[in-house]
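Q: Please show me the structure, and then help me learn how to read its side chains step by step.

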Amino acid sequence: MKFRILLFSCFFLFASAHVCYAQTDLSPSNIKEYQVAIFAPLYLDSVFIDGRLKDEKNFPKFIRPAVDFVQGAQIAFDTLSIGDKKVNAYFYDSKSFVNPISSLVKSGQLDKVDLIIGSVKEPEYSELAAFAGQKNIPFVSVTYPNQGNVQQNPFVVIANSTLKAHCEGIYQYLLAQHNSDPIYLIHKKNDHRIENYFKEMNEGNGKPRLKIKTISVNDSVSSAQLNKLVDTTKTLVIIGGSLDEGFARKLANACYPIQKNNPLVLIGMPNWDGFKSLYKKNVYKDFPIRFTTPFYDSKNNEFSNFLVKNYYRLYRSKPSDMAYKGFQSAYYFTSILLRYGSQFMSHLNDDSLAPFHIYNFQPVFSTGGMPDYFENKHLFIMQILNGEIVRE
C-alpha cells in the first residue's frame, strides 16, 4: 500500500499557525494510481503572509469549518486500505487569489483528476460542476444544499440534500406516521416556496393524499392565534415552513403551551438545527422540535473512535461536525473510486463502504434524457430535545 498527499499553496496540518509543505515521491510505479482533488474555502491568501498568519494571536474563525473539513479528510486518507492501488490527494484552497479554480482549469492542472470532492458554495460550485461535466469527472458537493443552475450534468453528486428533497422526506415521513392526522403548514406571508413544494407533492396526482391545510401569518404567531386556527381536539402536526430563525422561535413558542395539553408534533426545516434559540432547556422542556438531515453520526463505531483518537492526537481537540463530514466524504467516495474505478457513478450507494451513515443517491431530471445531477435522498428525522440533538 502506498499513499501520498500533495499540497498546493499552503495547507494547515495543525490548528496552530504551523504550515506544512508535503514532499512528494514521484518515482514510477506499476500499481494503479488515482488522483483525488479536495476543495475547501481556506482563504489562505487572505490570512497568511509569507507562510505565517497575519494575526498569530487570533485564529480566523471564518475559516475554521473549512480547516476542520480538510483535517477530517486527511485523517480519512490515512485510514484507507488501498492494497495494490495508490491515491494522490490534492488539497486546494477554493478561495485562492493566486490559483483560482478558473486558472486551474485553464492550465489543465485538473485534467487528470479522477474525483473531485468539494465543500464549496457559489461561484466555485458552478465552476467545478461545469468542469466536471466537460471532462466527465465525478464532482461530489458535500456541504452545499443547492443544485445551482446545473442541468443535464450526470457527473454532479449532491450529498447535502436540497430543500425540495427535505420537503419530500418530510412528506414521506408524514405518509408513514401521520397520514390520518390534521396537518398544518404554517409559513410567512409572501414566502410560498415550501408551501409550493408540499402542494406539488400532495396534489400532483389529483386527489390529495394528506390533509394539509396551509396557514400564512405575519412575522408574529402566538398560541392564541394557533388555538383559533387549528383543531386542538386532535393530534396536531405542524410544519414550520420557513428558514427564518425568528419565525422558528415564535412558532415553537406558540406550540409549546398547546402541546402540554394536546398531542402536537412540530417539524421544522433542515437549517433549524443551527438555531441556538431552540436549544434552551428551560424554554422547551421535554418538547421535541423535529428537523431532517442527511448527516447522522452515532459517534460510537470504530471509524468514529478512530477519528476522535487521531484528531485529538494531531490537534488536541474533538472533531467538529465539519471534521466528520470531511472524513465521511473522503473515505466513502475515495473507497468507491478505488473499488469501481471508471464505474464510480454506477456505484454511489455502496452501503458497505460508509463509515458513519449511508446515502441514497438518485438521479434528478428536469426534462427527459440524461439526469441533471444525482442527489442524496436519504434523510434522518432528528429532534432538538432539552438542548440536545437526538435521533427520533
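Q: Does glutamate 200 count as buried, partly exposed or exposed, and at what relative accessibility?
A: Glutamate 200 has 47% relative accessibility and therefore counts as partly exposed, a class lying between buried (under 20% relative accessible area) and exposed (over 50%), with a 1.4 Å probe and protein chains only. This is a predicted model, in which local features need pLDDT of at least 70 and side-chain atom pairs count only at pLDDT 80 or more, while totals for chains, interfaces and linings use all residues. Residues are numbered from 1 along each chain as its sequence is written, and side-chain values use heavy atoms, leaving out hydrogens and water.

Q: With which residue does glutamate 200 form a salt bridge?
A: Side chains of opposite charge can pair when their charged atoms come close. Here glutamate 200 forms a salt bridge (a side-chain nitrogen of Lys or Arg within 4 Å of a carboxyl oxygen of Asp or Glu) with lysine 164, and their closest N and O atoms are 3.9 Å apart. The pair links helix H6, which holds glutamate 200, to helix H5 (residues 163–177), which holds lysine 164, across 36 residues; helices (H or I, at least four residues) and strands (E, at least two) are DSSP runs numbered from the N terminus.

Q: How many salt bridges does the structure hold?
A: The structure holds 10, including one between lysine 86 and glutamate 33, whose closest N and O atoms are 3.3 Å apart. Because lysine 86 lies in strand E5 and glutamate 33 in strand E2, this pair ties together parts that are 53 residues apart in sequence. Lysine 86 counts as buried at 1% relative accessibility, whereas glutamate 33, at 30%, counts as partly exposed.
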